[in-house]
Amino acid sequence: MLLIGKKYFVTGATGAVGSALVPLLLEDKNSQVWVLMRADSREHQKKRLEELITFWEMGIEQAQDARLRIIPLLGDTDKCKFALSEDVYAEIANQCTHIIHCAGVVRMNLALEVARQHALGSAQNIVELALACQTSGSLPKIEYVSTVGIAGRMPGILPETWIVQPREFHNTYEQSKAEAEDYLREQIERYNLPVTVHRPSMVVGDSKTGKIIHFQIFYYLCEFISGRRTFGVLPYYGDAALDIVPVDYVAQVIKWSSEQGKSTVGKIFHLCTGPNFSIPLIQLQKIVRATMQNRGVKLPLVIHLSSVLFLLFLKLIKPLVHKKKRRFTQTLPIFVDYLRDKQLFENKNTMIYLKKKSGPELTPIKNYIEKVFNVYLNAKSPE
C-alpha cells in the first residue's frame, strides 16, 4: 500500500526548472505530485509525461514508481481553475500540501496583453487555489518562481526585497512578471499566504551533467556572441557581465525551501550568481568561440560596433539573411537592448541564509560553463 505524505501541485513540470524539480520531489517515497500539463489530448499528455521520464534517464523500477506517483493533469495555468474539472480541482484543494508554481513563458517579444495573461493570469489562479487549500486546512507552503527580470531598467543592484518603485522594462516578459509579483505581494498581505518567492537569473544546464530539457535564452545569446550569425559584426559590450545559474541549483533550493516549513515563509531568494561572480561577456565570448572552434566550427573575425551602428547593420543585412535564420536576427535588438544595461542582482542575503541553514550550495560558473555549452553543441550541430 502506498502511503502518501506530501502532495505537491506543480506547474511548469515540462519546463527547465520544473523538469529538474519533479525528480527531487519524488526522492521522498511518500510523496505524490500533481503535474499540470498543456496537451492537445490525453494521448498527447501521456506522450509528454513519457518524454519527461525519458529525459530523467531513470531505471525501469524508478520510472515505474514515477508513473505511479505522478498524476498528470490536462490543463492550462492561464485559465480559470487551470481548466480542470470541478471534481479534480476540489480534490487538489482538499488534499494539496504544497503548491510550486514554476510555469512561465520565457518570450521577450509577446504583446503585453498576451504576456500578462501568462504571468499575471497564472498568478491569480495560483492564489485562488491557495485560498481554497487554506480553507480546507491542507496547505502549509507555496513556492513561487519569479525572475530577477522584474528589476527591468531599475538602476543599481536589485535588492532581495519586494520592488515597489515605478520603473521601465526591457520587454513585455519583464513587465508582466513584475506585475504578477505586485499582485502576489498584495494577496500575501491580504490573506497571510505562506509564500516564498524565488527569483532565478538566466537559467542554464545542470552543473554536473550540463543537461537541460529546453535550450532557452542563454544558448541563443551564445550563438549571438559567437559572431557566426552576424558575419562577425557584434556590439561592443564594455565591462558588461551576465548572471547565469545552473538549473539543478534552482531546483534544489525550491525543494529545500518547501521542506523548511514556516522558516522560509516571506523570504525572497535570489537564485543567481550575484554581482561579484557573474561572467563578463568578453570572457563568455572567448569561451564560446574557443569551444566552437575546437569542434571545427569556422568563425569569422569579430568586429565590434557601437549598439547604434550594430542595429543599423542588422537592418542592412536583413535582405541577405536566409529566411530560416531571419527570425534569429529579428530577436537580436532585444538582446542588444538587454546587454547594454549593466544589470546586477544581489544574492548576499540568500547565500548567507542557505549556508546558515545547510541549504544547497551554488556551483561556480567556471565549473560548468563549458559543460553546458557543449551539451548544446552536441544537440544542435552547427550548419
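Which residue forms a salt bridge with R38, and how far apart are the closest N and O atoms? Select D76 together with R38: D76 is the partner, and the closest N and O atoms are 2.9 Å apart. This is a predicted model.

**Stop 1: D76 and R38.** The two residues sit in distant parts of the chain, 38 residues apart. D76 is in the loop between strand 3 and helix 4, while R38 is in the loop between strand 2 and helix 2 (42-56). D76 is buried because its relative accessible area is 12%, under the 20% cut-off. R38, at 38% relative accessibility, counts as partly exposed.

Stop 2: Move along to K81 and show E86 with it; they form a salt bridge whose closest N and O atoms are 3.5 Å apart. K81 counts as partly exposed at 23% relative accessibility, whereas E86 counts as exposed at 54%. Now select F82, in the loop between strand 3 (70-74) and helix 4 (86-95). F82 is not a glycine, yet its phi is positive, about 60°. With a relative accessible area of 1%, F82 is buried.

**Stop 3: E27 and K255.** Select these two side chains, which meet in a salt bridge at 3.3 Å, N to O. E27 lies in the loop between helix 1 (16-25) and strand 2 (32-37) and K255 lies in helix 8 (residues 247-258), so the pair ties together parts 228 residues apart in sequence. K255 is buried, at 15% relative accessible area.

**Stop 4: R167.** Go to the loop between strand 6 (157-158) and helix 6 (172-191), where R167 is found. R167 is buried but has no salt bridge. The nearest side chain of opposite charge is D182, 5.1 Å away; a salt bridge needs the atoms within 4 Å. Show backbone oxygens here. The side chain of R167 reaches that of I150 at 2.8 Å, and the backbone oxygen of Q165 lies 2.8 Å from a polar atom of the R167 side chain. Leaving aside residues up to four places away in sequence, R167 touches I150, A151, M154 and A178.

**Stop 5: N192.** Select N192 in the loop between helix 6 and strand 7 (195-200). N192 is another residue other than glycine with a positive phi, near 55°. N192 counts as exposed, at 63% relative accessibility.

**Stop 6: L309, L312 and L316.** Finish with a surface view of these leucines, which make a nonpolar patch of about 300 Å². L309 lies in helix 10 (residues 307-317) and counts as partly exposed at 45% relative accessibility.

Terms used:
Residues numbered from 1 in each chain as written. Predicted model: local features only at pLDDT ≥ 70, side-chain atom pairs only at ≥ 80, totals over all residues. Heavy atoms only, no water. Helix = DSSP H or I, 4+ residues; strand = E, 2+ residues; numbered from the N terminus. Buried < 20%, exposed > 50% of the residue type's maximum accessible area, 1.4 Å probe, protein only. Lys, Arg positive; Asp, Glu negative; His and termini not counted. Polar contact = N/O pair within 3.5 Å; in protein donor to acceptor, adjacent residues only side chain to side chain. Contact = heavy atoms within 4.5 Å. Patch = residues over 30% accessible without salt bridge, like charges linked within 9 Å, V, L, I, M, F, W, Y side chains within 5 Å. Areas by Shrake-Rupley, 256 points an atom, 1.4 Å probe, with all protein chains shown as cover.
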